[in-house]
Amino acid sequence: MKTLFKILKLLVVRPGEWLASTPLMLYMTWLNYLLVSKYADIFMHTQKTTDFFDNFRLSGFDSLIYSTLTQWHLAFFVHRHPLLAELLWPLTQLNALLYACTGLNLAQVIVAAMLLVFALYAFVFIRRTLREVVGLGRIDANLLTYLTFSFAYVTLTYIVPDHFSPSMTLLTLTMYLAGKKMKKGKQFTVVQTVVLFLLTAGITMSNGVKTYIMALFTNGRRFWNPKYLFFAVLLPVAAIWGYAQWRYTTIIEPREQKKAAERRAQSAAELQAYEKAVADTATTFLDSASIKLEAKRRYQHYLWQVHERNMKDPWNAHKGKTISKTGFLSWTDISTPRWDSTVENLLGESLQLHQDNLLEDTLRSRPVIINYRYWFNYVVELLLVLLFLGGLWYGWRSCFLWMLLSCMAFDLALHLGLGFGLNEVYIMTAHWVFVVPVAISFLIHEKRGLAHLGLRLLVTLLTLWLWGWNGWLLAGYLLA
């Protein structure tokens with residue numbers, strides 16, 4: 001009963017939070033309405049999961065949640081998102097019930113409602129962190145929380161049918177809980193750690209690593225206690241990885257083996273057709289061995305031509321060179337330029353949309369690197385970076401800030417180091433960008449008088465600019 005009371009207390013949105021979040025929720029409701037309307041004529045009248053993939057276009061985001069709610073299936077990489085499909089199963093049943101009553105596929109509406117709930121709680125947890133952990137006043141906490149949601153790919157995160165919205169909300173929840181415990185000198189219990197890990201890692205495995213980073217900073221040396229280490233860390237990791245592997249071997253692998261067998265059969269049929277063509281068109285007598293050899297040569301030449309054409313397609317051309325073509329290393333990228341990706345994508349598109357190739361998919365038509373048309377976009381980017389660095393300067397003594405920077409460093413190591421998702425790194429913004437306003441809060445917290453008012457004015461202007469710029473471009477795209 002005591003635990004239930006704590007959970008309810010955590011989830012109750014306070015009157016001040018309702019008031020502060022109202023403008024954001026109205027704005028996000030409008031954007032979700034625009035997105036639903038854009039695809040309603042197709043998506044509300046189909047039960048074919050391929051229709052979502054064929055028609056949904058919004059940057060590099062997937063529509064797999066729409067298809068999962070239409071017909072439940074393991075659409076996600078089970079080793080990266082081990083519990084995501086299972087967590088969506090109740091919503092699939094709800095959609096089936098609504099379809100039976102209305103004759104409409106209301107997956108879009110259900111997802112929009114879910115996204116609004118996630119947006120509300122992300123707002124609440126970030127604001128509470130700034131108020132209760134950092135110690136900001138109400139005005140500054142509200143302002144920095146709105147700055148967070150003014151970032152382009154935070155706004156997008158809470159309107160697209162992808163996994164990033166629950167990821168960000170759960171990460172901000174974990175951040176808030178860790179900050180509160182650190183402030184009170186308490187530690188995460190085994191049960192609390194396991195629940196947070198299963199939720200965060202169940203959505204995306206890399207988020208589970210961040211949960212353990214936060215647990216390490218919160219619990220300190222007690223993290224390495226053999227009992228805690230076994231029951232809170234080793235056992236949950238083994239369980240979730242074992243479950244993902246079981247899902248893969250029982251469902252995904254047989255499906256892949258069937259497809260591979262079909263491809264082999266198709267190749268054999270094509271090669272046989274080439275043998276027949278060689279035999280029918282040969283001007284001189286050829287024995288069967290010569291016919292097979294010539295057919296194989298022509299077929300390999302044809303396959304090479306197909307390969308060359310495919311490599312020019314954005315799906316392959318923009319992926320970058322990998323360390324290995326098998327396993328997790330097949331998701332790496334060692335050829336995409338790091339500096340340009342950082343300026344134009346990681347710190348650019350993530351925060352401010354580019355006008356050219358607006359919200360196109362890198363794996364379909366968008367170039368990997370796009371420059372802004374105007375110099376002032378780079379000024380805005382530079383000001384945000386300087387504010388962030390200023391926050392690090394004034395908050396370097398904070399263990400809480402070092403904890404968040406460690407989580408952020410993990411993301412940067414994945415993206416800029418290994419190159420995971422580097423060609424479209426901006427779609428992962430929700431996993432790390434909430435650290436930026438928290439860092440800036442340390443700068444604002446330390447300043448007094450005119451310096452404080454000046455920083456408040458600067459953050460206000462940046463927030464208004466980002467809301468206006470990103471909102472104008474996004475609304476224009478959704479209304480087109």
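## A cavity and its lining

Helix 17 makes the biggest contribution to the lining of the largest cavity, with four residues. (Helices here are DSSP runs of H or I with at least four residues, numbered from the N terminus.) This is a predicted model, so to speak of local features takes pLDDT of at least 70 and side-chain atom pairs count only at pLDDT 80 or more, while totals for chains, interfaces and linings use all residues. Residues are numbered from 1 along each chain as its sequence is written, and side-chain values use heavy atoms, with hydrogens and water left out.

The structure has one cavity of 30 Å³ or more, and the largest cavity holds about 30 Å³ of space. A cavity is a set of points, on a 1 Å grid over the protein atoms alone, where a 1.4 Å probe fits but cannot get out; lining residues have an atom within 4 Å of a point. Volume is the space filled by probe spheres set on the points, which are joined across faces, edges and corners. Helix 11 (205-219) and helix 17 (399-418) each give at least two lining residues. Among the lining residues are Lys210, Met214, Cys407, Asp411 and Trp432. By class, eight are nonpolar, one is polar and two are charged (nonpolar is Ala, Val, Leu, Ile, Met, Phe, Trp, Tyr, Cys and Pro; charged is Asp, Glu, Lys and Arg; the others, Gly among them, are polar).

## The second largest pocket

Now for an open space: the second largest pocket has a volume of about 1400 Å³. A pocket is an open set of points with protein on both sides within 12 Å along at least five of seven lines. It is lined by 39 residues, and Lys6, Ile7, Leu10, Leu173 and Leu177 are the closest to its centre. The lining splits into 25 nonpolar, four polar and ten charged residues.

## Helix 9

Helix 9 gives that pocket the largest share of its lining, nine residues. Just past helix 9, Gly185 has a positive phi of about 75°.

## Nonpolar cores

The largest nonpolar core counts 126 residues, and Phe149 and Ile159 have the most contacts inside it. Such a core is a set of buried Ala, Val, Leu, Ile, Met, Phe, Trp, Tyr and Cys residues joined through side-chain atoms within 4.5 Å. Helix 6 is its top contributor, with 17 residues.

Terms used
Buried means under 20% relative accessible area, exposed over 50%, partly exposed in between (1.4 Å probe, protein chains only).
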